[in-house]
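I opened the notebook with the coordinates loaded. These entries record what I looked up, in order.

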Amino acid sequence: SKLPLVVEAFSLLPALEDIDTGDLVADLKKMLRNYLELFNTTPLGTVLPSLAGERRHNQALSKLLDPVLRDRRRPLVRVLERAVARGELSRDLDLELAVDLIVGPIAVRLFFSGGKLSSRLVDPIVDLALSGLKRRGWPFPGRIGIRERDWRGIEEVHVFDHWCYQGMTSGAVELSELQRRTAKFDTDLY
């Protein structure tokens with residue numbers, strides 16, 4: 001069968017480059033721009049849609065191609081994993097689904113619209129995808145306190161700043177001590 005040779009040849013075509021600038025938005029935009037350039041300047045742009053269409057009807061091709069496709073997605077998954085570690089994305093985010101959300105518009109354009117893919121697509125794709133994936137901004141102008149009264153009637157205030165738990169206080173002295181703390185997001189708390 002020629003299928004192993006076809007899949008091996010496909011695996012040698014350029015893939016997503018692992019980009020790590022330390023910023024999720026910059027990483028994704030640079031990665032996708034580079035990838036679209038490869039789509040437009042190498043056989044990747046014609047080979048991938050052909051293989052994707054054929055794998056739907058050819059179980060043997062699908063079995064050989066699926067691991068290669070998973071490996072080719074890994075750089076994008078790593079970008080998201082690093083963003084989770086930095087607190088830019090939630091720890092409970094379904095990374096595979098997030099990858100689908102980010103590359104889905106490119107696939108739709110590639111498979112159904114035809115023609116070359118423009119790098120002008122990258123900014124709106126990343127911005128729209130991340131608007132649903134990123135943590136929400138802090139909706140308050142500063143720190144907030146949530147009052148809580150226990151069964152004995154003792155009141156305590158839990159202090160939060162930009163989604164970060166600062167601690168608990170029951171008086172002004174303790175509150176001034178909490179105000180000196182810097183906000184650090186604790187993913188284990190959430």
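I count two strands as paired if DSSP finds at least two bridges between them. Helices (H or I, at least four residues) and strands (E, at least two) are DSSP runs, numbered from the N terminus. The model is predicted, so I kept to the rule that local features need pLDDT of at least 70 and side-chain atom pairs count only at pLDDT 80 or more, while totals for chains, interfaces and linings use all residues. Residues are numbered from 1 along each chain as its sequence is written, and side-chain values use heavy atoms, with hydrogens and water left out.

**Entry 1: strands.** I started with S1 (residues 144-149) and S2 (residues 155-161). They run antiparallel and are joined by 6 bridges. Ile-144 stands opposite Phe-160 in S2. The S1-S2 hairpin has 5 residues between its strands, and Gly-153 there takes a positive phi near 90°. Next I checked S3 (residues 164-169). S3 pairs with S2 over 5 bridges, also in the antiparallel sense. Asp-161 stands opposite Cys-164 in S3. In this second hairpin, 2 residues lie between the strands, and His-162 in the turn has a positive phi of about 50°.

**Entry 2: whole chain.** I listed 7 helices and 3 strands. From the N terminus the order is α-α-α-α-α-α-β-β-β-α. Of the 190 residues, 33% count as buried (under 20% relative accessible area; exposed is over 50%, partly exposed in between; 1.4 Å probe, protein chains only). I then took contacts, meaning heavy atoms within 4.5 Å. Among contacts with a separation of 6 or more, 54% join residues 24 or more positions apart.

**Entry 3: helix H1.** Which residues of H1 are buried? In H1 (residues 3-11), I found Leu-3, Val-7 and Phe-10 buried. Down the axis, the buried residues fall within an arc of 60°, so they line one face of the helix. The arc is that of the directions from the helix axis to the C-beta atoms. These residues pack against H3 (44-55) and H4 (59-85).

**Entry 4: Val-122.** Val-122 is found in H6 (residues 122-133). Its relative accessibility is 1%, so Val-122 counts as buried. Leaving out residues up to four places away in sequence, Val-122 touches Lys-29, Leu-32, Arg-33 and Leu-36. I also took the C-alpha to C-alpha distance to Ile-106: 8.8 Å, at 16 residues apart in sequence.

**Entry 5: salt bridges.** My rule was a side-chain nitrogen of Lys or Arg within 4 Å of a carboxyl oxygen of Asp or Glu. The count comes to 14.

- Glu-81 and Arg-74 meet at 3.7 Å, N to O. Glu-81 is partly exposed at 35%, and Arg-74 is partly exposed at 31%.
- Glu-88 and Arg-86 meet at 2.6 Å, N to O. Glu-88 is buried at 16%, whereas Arg-86 is partly exposed at 34%.
- Arg-149 and Glu-155 have their closest N and O atoms 3.1 Å apart. Arg-149 is exposed at 55%, and Glu-155 is partly exposed at 27%.

Shared partners join Asp-18, Asp-20, Arg-78 and Arg-82 into one network of salt bridges.

**Entry 6: surface.** The accessible surface of the chain comes to about 11900 Å², with 56% belonging to carbon and sulfur atoms. Areas come from the Shrake-Rupley method with a 1.4 Å probe; for residues, only the protein chains shown count as cover. Phe-111, found in H5 (residues 95-113), is partly exposed at 37%.
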